[in-house]
Amino acid sequence: MPKQTLPQVPIKKGEPAYKLWIFEPGWKGELPLILNPRQLAEQKRPALLPGHRLCAGCAAPIIVKLASFAFRGPTIVVNATGCLEVATTIFPYTSWAVPWIHNAFENAASTGSGVEAAIKALKKTGRLPYEHVDVVIFGGDGGTFDIGFQALSGAAERGHDFLYILYDNEAYMNTGIQRSGGTPPFAWTTTSPVGKVIPGKQQAKKPIADIMVAHRIPYVATATPAHWLDLMKKVRKGIEVEGPAFIHALSPCDRGWRHGTELAIEIARRAVDTCYFPLWEWTPETGYMLTDRSLAIARNPSLKQPIEKFVEVQGRFKHLLKPENRELLKKFQEYVDLVWEDLLKRAANAPK
Amino acid sequence: MAELRGYKELPIGAVPFRLSTDYKTGDWRALRPVVDHNKCVKCMLCWIYCPDMAVIWDGEKITINYDYCKGCGLCAHECPVKAITMEPEPTE
């Protein structure tokens, strides 16, 4: 096998532009969580290398990149089948600069549990040359809401120490935009087409993060790539807790949501501004806590924007803006308000 | 045809072994981002948001690695001072 080399880009100050994450045996300590963007750009390199074949403007690599800035040391990444797995490891290429394992669509959480159990066993017999090795699992919404849910629920119940990051692009984008448990109501997909009979998907979105809260695991949070500081802090908290942690990250998909390639971050921001996707975290001690922009909206409700702001930039909701469908848009707004009001009632730091 | 191998001889799984940096995704691009260094305030948002790790910060200024940039335009859209513009790819 020929020696693998990374592209060399001249850098005046800081780390090389691209690097593999190599930790010498006996490596001790913790990588710092850097929140200053310029220091971040000098000292941190993502766990994902360029040359992956995800679509232009996809938000999933942004989530992986931001999450990897918050890793605290040697980390093993487990991947469920999905866009991320398929596009980053096209044989014989791999985009991962960290150890990576993929098993099947339905058992990402079980594979993660096995990795974690092996780490524990090696540590017990003194064969692990590191203080801690973290397990981070990346799953798509199909592999989490639908197919991999019982594996995830089981792993959460057994209490394995891992962080599960769900990048939610709200349909089976990898196989051609089929509806999933994560698709919002009235969204167009190829298996819930908009026409005379139905106006897109007729069911609600499964509240996956609330379901994980019901498991009473140590840490649950929601995040978007647009609120990058918030996402990094949450990932670090999720890695630091003992036991399973779950992060639900919204990942706009330009192919499936039918928007321009440059709008992924803008749409994630609007999802939070319209309260379609509120940012919060939950721990057994503190209960629900709103964070970042959602906390600002709870304190000052005039910042909350109508759902049209979120809908107008996406082709999958195009039919909602037609004059004859005003009723549906109203229903969608009511659905979003219901979820938001419910969260406000439960959030400990929301003004009462 | 080669002789069929049993489960003991077969490898346990597939191992992707080449770095994807060998695969240049730059030819997917239709528009290319161009940085105006006079306008750039070095806020690093493009470096943080680039999905293809194509924005390089060398300690002094931002450059774009056109080997990997897929031309999505996210950096130009998110730039707070509009220092990045999307220009058509030069044709030879």
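What share of the 352 residues of chain A counts as buried? The figure is 51%. A residue is buried if 20 or more other C-beta atoms, placed from the backbone, lie within 10 Å of its own.

This is a predicted model, in which local features need pLDDT of at least 70, side-chain atom pairs count only at pLDDT 80 or more, and totals for chains, interfaces and linings use all residues. Residues are numbered from 1 along each chain as its sequence is written, and chains are lettered from A in the order in which they are written.

Chain A has 13 helices and 9 strands. These are DSSP runs (helices: H or I, at least four residues; strands: E, at least two), numbered from the N terminus. Along its principal axes, the C-alpha trace of chain A spans about 65 × 45 × 40 Å.

Now the core. The largest nonpolar core has 121 residues. Such a core joins buried Ala, Val, Leu, Ile, Met, Phe, Trp, Tyr and Cys residues through C-beta atoms within 7 Å. Ile63(A) is among those with the most contacts inside it. Helix H2 of chain A (residues 60-69) gives the most to this core, with 7 residues.

H2(A) also meets helix H8 of chain A. Their axes, lines fitted to C-alpha atoms over the stretch in contact, come within 8 Å and cross at roughly 55 degrees. Residues are in contact if their C-beta atoms, placed from the backbone, lie within 7 Å.

| H2(A) | residues 60-69 | Leu66(A), Ala67(A), Phe69(A) |

Note on methods
Buried ≥ 20, exposed ≤ 12 C-beta atoms within 10 Å, placed from the backbone. Axes fitted to C-alpha atoms, helices over the stretch in contact; angles between N-to-C directions. Contact = placed C-beta atoms within 7 Å.
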